[in-house]
Amino acid sequence: MLQVSLTGSLRSAAGGAEVIEIEAGTIRELMAKIVERYPAMNQHFDSGIAVAINGEIYRDNWDVEIAADSEVFLLPRIPGG
Amino acid sequence: MQHDTSYTDQKFKVVGTRPNRPDGVDKVTGRARYGADVTAPGQLVGRILRSPHAHARIKKIDTSRAEKLSGVKAVITSADLPDLTEGNRGMLDILENCMARGRALYDGHAVAAVAAIDAQTAKKALKLIKVSYEKLPHVTDVDKAMEADAPVIQDYVFTRGVEPTPKTPSNIVAVSEFGHGDVEAGFAAADVIVEKSFKTEQTHQGYIEPHACLASVNSDGSAELWVTTQGHFGFRSNCAELLGLDIAKLKVTSSEIGGGFGGKTHVWMEPVALALSRKANRPVKLVMSREEVFRATGPTSSTSVDVKIGAKKDGTITAALAVLRYQDGAFPGIWGMLGAMTSWACYDIPNVKSVGYDVLVNRPKVAAYRAPSAPMAAFGIESTMDIVAKKIRMKPIDFRIKNAAKEGTLASYGPTYGPIGIGPTLDAAKNHPHMKARLRKNQGRGMACGFWFNFGGQTCVDLNIGVDGTVTLTVGTVDVGGSRAALCLIAAEELGIPYEQVKTNIADTASLGHNDMTEGSRGTFSSGMAAIFAAREAIEVLRQRAAKMWDIPVEAVVWEEGQAKATGKGHGNLPPLSLKEIAARAPTTGGPIAGHNEVVADNAGVSFASHICDVEVDPETGATKVIRYTVIQDAGKAIHPDYVEGQFQGGAAQGIGWALNEEYIYGDDGCLQNPGFLDYRIPVCSDLPFIDTQILEIPNPNHPYGVRGVGETSIVPPLAAIGNAVSNAAGVRMDHVPMSPPRILKAIEDANG
């Protein structure tokens, strides 16, 4: 079971939770289950979201596998200049 | 095909050298074609009418007289840009920013546009458009916009990030909190606590080339757009959606770009140019004046920031808190959130919290500016770091080294860091001769650190080998800072051929798959990664062709130093085949030789920098002269060191202007008072010293060459480095950017009673 830490305004979309537990083997599976459980997350998915797995930030590559003991953070998608 | 992107400690022959840039001759001889440098048969001139009010209801727009003027071919308003966004509020905001829909939300907001046979006629037509406004209360200050009685700018904004969600709209778009630990317990454990508030004013990226485009929409629904942009694929997507065009039928070509720095990642007037062309059935060129660039494109946020740091006498930070209020302009953004995310990223702090507020005001929509939002947060935090260091009698550099983040540190914005470069940049700063140089009267030294995320994204390249053995690398990331040179080096390195044998071109949107914008310091990182894999794919083809030419199994052919070599029993005596020799035989060995790659280049690797700055302050006038400046930054791997240094220097130069002079000044009427380079002063050569640089190379583990982005981080520390230097020189703490002569003089006079 993954321990997924939420940051910023993502927490309010998950009822204020700082950490949620989800069974997922890839980012794609993680995203699908989060939206299924917390429909309010959809607005954040529309504006963009990123996943940090063991400190490495993924924005678009949802095929990445996540080991069960990974450190997982859900972050807002970041723009650049 | 998925490739292994891991760092491999490859030994380089051409990567790391400093050849001339391939686009250099065009640029110094005036041949380079920028946004305004193309024409089309039958082309019309476009002009935009803009609101003279900060906030107003548009009661009526009468275009009849303008339409009747001889030579006018089209007049448009928001009625010609219907809402096709199907409930996507973000896209509707973009559309509304391009052309006001019932309300003007800031001084300079577009309300109508014309296309005419020449500039004089277009200008005359604008004067014939009659707009009836009902002025509304306005607010341009970020703190005032948060007050309960402030005029509400967008009635659909109900603050996100607070529980419960408010039932009434306000200008507070979102509250974003980051951090870990228990800050109250941390402050209770501190020997020293410093609290300080800071303000920074709004600045513009100040790119030399104004926005410009040539739009041509055909009656069959196909269209072309030539435009100065940081990302023509993104512009294509936005314009197609807003205009109801098919993506495949809109070809967007990026011109050479005269600077962008984040400001050319958004569409501002390109959909208007397309709408004019569609209505006039003629090509339309639209070029912004400098005044329009200031009033109606995307400057950075003005901010108001509170910082609190608690530390032990030995220099250990026990707790840190930042509350950051950033204005987004008239449309929701995430700039305050970014300020909160970046604020404490340089440090390893057990109890840390940052709270970012995104706030609407009646100003232009804020856009990214090089490491967006990080410089303003760094100004408050790095200034306070110096105050704390002084209070506990530590050198600022030692205080920072003691608290620097490192591999394994829990970043203040969430995850745990891998290998990072803040510690090495600080060590290099401490040992740099600049840090030990003597200062004279009225001079002061300051330093500061900075952080930026960097990112990669969707990328696609083609590599084609001509029959003469020269190589065309086709990429879709706009070259804003020398990336074509870097990409030529990468292709040459992989293929084992000279740099001069490779030419990199930027393809239009019809010629290559989607590429994300050149933003987030991603151009060389991501297109470089794709170029490596495309070249390796081409090498596989070259091996196959050599095997065919020798009539031996491909397994017996290796690629070394730009040549195919036969190995194994019975093949060892075959003379090597060069790339040129294989290419010459391509027509009869299977046809064109090419490599291709598409990649989602994630894991760009975070970036850190430390800057040192010496200034001299004239105590009688408050004028500041930067007399020495040093940038030390981790590049992961510098592919072309000249352009890495150029990025370091450019960021520092822009930061110096931001710190000392640049400022949007609004009148009581909410109108911008200084939309021009005479009154909005960016630094010129005579304002700047030679900006010294030191490149550190701590490899990014997620790029084959170890590359990290380098384009943005260098603008993060200057505000604070200069703030600390000026404060040391003048003997008073500066807390308001820009530190213009009147502000410094007032601070000195206030301190002297």
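Q: Where does B:His232 lie?
A: B:His232 is part of helix 7 of chain B. Helices (H or I, at least four residues) and strands (E, at least two) are DSSP runs, numbered from the N terminus. This is a predicted model, in which local features need pLDDT of at least 70 and side-chain atom pairs count only at pLDDT 80 or more, while totals for chains, interfaces and linings use all residues. Residues are numbered from 1 along each chain as its sequence is written, and chains are lettered from A and ligands numbered from 1 in the order in which they are written.

Q: Is B:His232 buried or exposed?
A: B:His232 counts as buried, with 28 C-beta neighbours inside 10 Å. A residue is buried if 20 or more other C-beta atoms lie within 10 Å of its own, exposed if 12 or fewer, and partly exposed in between, with C-beta atoms placed from the backbone.

Q: Which residues is B:His232 in contact with, leaving aside its neighbours within four places in sequence?
A: They are B:Val227, B:Val252, B:Thr253, B:Ser254, B:Val478, B:Asp508 and B:Thr509. Two residues are in contact if their C-beta atoms, placed from the backbone, lie within 7 Å. As for B:Thr253, 21 residues separate it from B:His232 in sequence, and the two C-alpha atoms are 6.5 Å apart in space.

Q: Staying with helix 7 of chain B, how do its axis and that of helix 3 of chain B cross?
A: The axes of helix 3 (residues 89-98) and helix 7 (residues 232-243) of chain B come within 11 Å and cross at roughly 85 degrees. Axes are lines fitted to C-alpha atoms, for helices over the stretch in contact, and angles run from 0 to 180 degrees between N-to-C directions. Helix 3 and helix 7 of chain B are therefore roughly perpendicular to each other; angles under 35 degrees count as roughly parallel, over 145 as roughly antiparallel, 65 to 115 as roughly perpendicular and the rest as oblique.

Q: And which residues meet there?
A: From helix 3 of chain B, B:Met91, B:Ile94 and B:Leu95 meet B:Asn238, B:Glu241 and B:Leu242 of helix 7 of chain B. By class, this contact of helix 3 with helix 7 of chain B has four nonpolar, one polar and one charged residues. Ala, Val, Leu, Ile, Met, Phe, Trp, Tyr, Cys and Pro count as nonpolar, Asp, Glu, Lys and Arg as charged, and the others, Gly among them, as polar.

Q: New topic: in what order do the strands of the open sheet in chain B come?
A: The order is 20-21-22, three strands with antiparallel pairing. Two strands pair if DSSP finds at least two bridges between them. Strand 20 (557-560) and strand 22 (577-578) of chain B stand at the edges with a single partner strand each, so one side of each is left without a neighbour in the sheet.

Q: How many bridges join strand 20 to strand 21 of chain B?
A: Four bridges join strand 20 of chain B to the antiparallel strand 21 (residues 563-566) of chain B. The bridge partner of B:Glu560 in strand 21 of chain B is B:Gln563.

Q: What packs on that sheet?
A: Helix 16 (residues 523-550) of chain B does, touching strand 20, strand 21 and strand 22 of chain B. The direction of helix 16 makes about 130 degrees with that of strand 20 of chain B.

Q: What about B:Asp551?
A: B:Asp551 has a positive phi of about 60 degrees although it is not a glycine. B:Asp551 sits in the loop between helix 16 and strand 20 of chain B, and is exposed, with 6 other C-beta atoms within 10 Å.

Q: Where is the cis peptide bond to B:Pro164?
A: The cis bond runs from B:Glu163 to B:Pro164, with omega near -10 degrees. B:Pro164 is in the loop between helix 5 (142-145) and strand 7 (172-180) of chain B.

Q: Now the interface: how many residues of chain B are in contact with chain A?
A: 37 residues of chain B are in contact with 24 residues of chain A. Strand 7 of chain B gives the largest share of the side of chain B that touches chain A, four residues. The residues on that side of chain B divide into 16 nonpolar, 13 polar and eight charged.

Q: Lastly, how many helices and strands does chain B have?
A: Chain B has 21 helices and 27 strands. Of its 753 residues, 59% count as buried.
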